[in-house]
Amino acid sequence: MRKIGTDAYSLDTNGHVALLSSGRLILIDTGTKPDGEILLPEIEKTGYKVSDIEFIYITHTHPDHVGGLAKLKELTDAIVLSHELEAKYISKEEIYDGPPGSKYQFHPGTPVDVKLVDGQIYEGLLTIHTPGHTPGHSSFLDQEGSLLIAGDAFRNDPETGFGPMGDQYTLDPNQHKLSIKKLSNYNFERVILGHGEPVEVNGSKLLRQLVERENY
Ligand SMILES: [Zn+2]
């Protein structure tokens with residue numbers, strides 16, 4: 001568990017999950033383990049109670065992001081939110097067409113209560129549709145707090161810094177890079193990501209450097 005600023009936590013679940021505590025408790029993504037193992041003790045370390053979580057946002061339907069969703073829903077009865085295009089995969093009405101999504105069928109499926117669209121603000125979080133990694137992948141931006149929850153829109157490599165997710169994990173690598181470019185048009189200092197350490201300053205500046213360097 002690492003505190004990022006005064007109101008956000010990056011929880012380490014072999015990958016990272018975000019907990020936002022500004023006024024209401026929001027969990028973004030749910031780790032891999034179906035029983036909440038690893039994630040539940042990480043939440044407790046923040047001093048907040050799992051049962052106080054009111055909203056669960058899902059960035060996309062990969063096992064390290066939705067694995068614990070059914071359990072967390074059961075424990076919290078929180079409102080589950082995702083982009084409208086991702087909802088049918090989270091509920092398991094549909095499976096991603098072909099690899100790599102076809103491998104990711106073992107989560108039980110959980111209905112999405114609120115289906116978000118690009119540009120929508122809900123509970124202070126702006127939905128930014130960042131497709132490519134999956135069709136409905138979305139990142140969530142707290143504009144007031146200058147905090148981006150990126151999910152797998154990009155990653156933070158310990159040696160090379162911000163970069164795209166590997167092509168082998170990404171349905172449409174070109175679209176994924178266009179989504180990185182789209183995100184770089186927003187302003188934010190702090191970033192919590194699915195893969196790699198969070199950053200506390202210069203988030204969007206670092207992302208713009210990636211876009212310019214790689215000419216996305
Ligand atoms: Zn992913």
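User: Which strands are the edge strands of the open sheet of 5 strands?

Analyst: In this predicted model, the sheet is open, with mixed pairing and the order β8-β9-β10-β11-β14. An edge strand pairs on one side only. That leaves β8 (121-122) and β14 (190-193).

User: What is the bridge partner of Phe-140 in β11?

Analyst: Strands β10 and β11 (residues 147-151) run antiparallel. They are joined by 3 bridges. Within β11, Phe-140 is partnered by Ile-149.

User: Which residues of helix α5 are buried, and why do they sit on the same side of α5?

Analyst: The helix spans residues 173-183. The buried residues are His-176, Ser-179, Ile-180 and Leu-183.

User: In the largest nonpolar core, which residues touch the most other members?

Analyst: Nonpolar side chains tend to be buried together in soluble globular proteins. Here the largest nonpolar core has 49 residues. Ala-18 touches Ile-28, Ile-149 and Ile-192, among others. Those with the most other members in touch are Ala-18, Leu-27, Ile-28, Ile-56 and Tyr-57.

User: What is the radius of gyration of the chain?

Analyst: The chain has 6 helices and 14 strands. For 216 residues the globule rule gives 17 Å, and the chain comes close to that, so it is as compact as a globular protein of that length. Its radius of gyration is 16 Å.

User: What share of the residues of the chain count as buried?

Analyst: The C-alpha atoms fill a box of roughly 45 × 40 × 30 Å along the principal axes. Of the 216 residues, the buried share is 46%.

Conventions: Residues numbered from 1 in each chain as written. Predicted model: local features only at pLDDT ≥ 70, side-chain atom pairs only at ≥ 80, totals over all residues. Buried ≥ 20, exposed ≤ 12 C-beta atoms within 10 Å, placed from the backbone. Helix = DSSP H or I, 4+ residues; strand = E, 2+ residues; numbered from the N terminus. Core = buried A, V, L, I, M, F, W, Y, C linked by C-beta atoms within 7 Å. Contact = placed C-beta atoms within 7 Å. Pairing = 2+ DSSP bridges. Rg over C-alpha atoms; globule rule 2.2 N^0.38 Å. Lists of a residue's contacts leave out its neighbours within four places in sequence.
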